[in-house]
Amino acid sequence: MTTRYDAIIVGTGQAGPPLAGRLTKAGWRCAIVERGRFGGTCVNYGCTPTKTLVASARAAYMARRAADFGVAIEGPVRVDMARVKARKDAIAGRSNEGITEFVKDMENAVVFEDHAVFEGDKRLRVGGETIEADRIFINVGARAAIPPIEGLDGVPYLTNASILDLERLPDNLVILGGGYVGVEFGQMYQRFGSAVTIVDRARRLMSSEDEDVSAAIREIFENEAIEVITGATIEAVARDGERLRVTLAEGEGRRTLAASHFLVAAGRKPNTDDLGLETTGIETDDEGYITVDDRLRTSVDGVYALGDCNGRGAFTHTSYNDYEILAANLLDGDDRRLSDRFTAYAAYIDPPYARVGASASELRAAGRKALIAQMPMSGVARARERSETEGFMKLLVDAHTHEFLGAQMIGTGCDEVLHCILYAMYAGAPYTAIERAVPIHPTVAELLPTMLKQLEPLD
Ligand SMILES: Cc1cc2nc3c(=O)[nH]c(=O)nc-3n(C[C@H](O)[C@H](O)[C@H](O)COP(=O)(O)OP(=O)(O)OC[C@H]3O[C@@H](n4cnc5c(N)ncnc54)[C@H](O)[C@@H]3O)c2cc1C
């Protein structure tokens, strides 16, 4: 039996549920399909649980630093991982319950808790049923990519999802990958009390950022005794009694690391390989990301891809913005586009790293005439008062239009401070609008006008 709907939403990540909410309110009868936990990665295996754990790790770190602030803690600081996990489960669990209720209580929607597979451009099989619609919205997300490493299949390796279930602290955690997932877990577990080693085949951590960002992160990590090995490829992982043996190739040389736990944080893979796309005209790129145009339309008319699976963003805010674009275009007579969006993200290490727009190296490579201003966090009174002076802020401005081209900041409060520049970029405001503002003292953001008085050509 085939049931027809006005729309089918596959996956309940950050875009599917709010879109279903808008469509059903507008009178569309929708089928919503979810094979796992409602809310997808962010709520269950990504942002919410990791940032909850980052907060526990920071509490442990600050407790150990208490004496720096004149606060005496008698005895060693101990982390109770069972309680850390219980706190994380409670906070992430509430978010999951909220979204589950939102989806299941939605009027005008039928919810399928099963895996969906395309059987043609506008038809899907879900469990024993076939469903069809003229409009289909694909929000299937991505999962941890597992590289082909000798022996990996035979050992109990961790991913961003399974590491969240650990009740006990790993003695030695080796992490494959120095991208934002690897660095967040690395610092967090070192602060919980594990001995952490991060290995990346790139020459530096967070290798798509400017060199000075990578260097600052490395220095912060090495000051916390995190071992960072870059320019090394993990070739093999094997059991060694109760432990694991990780073999690295560094140039011509080989060496082994002993580990109690091994986390694979080597990028993401879109959940499109088991979606039956071969029965459709929906095109993907070489990595399996669904190809979309500036308005999120796939190569099949009436089928759209939102969130991580379209490869045009890899964050909660980009997935949610995909929903906003489609809702505006389909229901509000608007014409919103992906290209209206500035790239922006943060890595929730401590202190945080945040970025919007272009980096200095990207502007240099593009030959763009730009101005740059930089300030070390040691020049920020608020950072000194907090005894958190690592990092720097960097602002980039178009030399002719005076509009912001980008900003990168690593330092205390910088995930929030970056938004001053981000909002100015959306407002299309020239840097002089901020340069002449009178900020509140003492804040980190108060240094932005000062920095803008010191702009110089980017060479
Ligand atoms: C460790 C980690 C930390 C992160 N931290 C941040 C952060 O701090 N800030 C940030 O902005 N982003 C962060 N992200 C990224 C963020 O989680 C994702 O970008 C975000 O969840 C958007 O996902 P999505 O909407 O594309 O789909 P997802 O949330 O991945 O959801 C897709 C859903 O589709 C379902 N599904 C897949 N295939 C099928 C199928 N065939 N049939 C039915 N259902 C299917 C899945 O079960 C899943 O529930 C983090 C990611 C990770 C891994």
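**Aromatic contacts**

1. Tyr180, Phe315 and Tyr345 make up one aromatic cluster. The model is predicted, so local features need pLDDT of at least 70 and side-chain atom pairs pLDDT 80 or more, while totals for chains, interfaces and linings use all residues. Residues are numbered from 1 along each chain as its sequence is written, and side-chain values use heavy atoms, without hydrogens or water.

2. Searching the whole structure gives 7 aromatic pairs. Rings of Phe, Tyr and Trp (its six-membered ring) pair if their centres lie within 6.5 Å; planes under 30 degrees apart count as stacked, over 60 as edge-to-face and the rest as tilted. Phe315 and Tyr345 are a stacked pair, 5.3 Å centre to centre with 5° between the planes. Phe315 is in the loop between strand S16 (303-305) and helix H7 (316-331), and Tyr345 is in strand S17 (residues 344-347), 30 residues apart. Helices (H or I, at least four residues) and strands (E, at least two) are DSSP runs, numbered from the N terminus.

3. Tyr345 is buried, at a relative accessible area of 16%. Buried means under 20%, exposed over 50%, and partly exposed in between (1.4 Å probe, protein chains only).

4. Phe342 and Tyr426 have ring centres 4.8 Å apart and planes at 75°, so this pair is edge-to-face. Because Phe342 lies in the loop between H7 and S17 and Tyr426 in helix H10 (residues 414-427), the pair ties together parts 84 residues apart in sequence. Phe342 is partly exposed at 31% relative accessibility, and Tyr426 is partly exposed at 43%.
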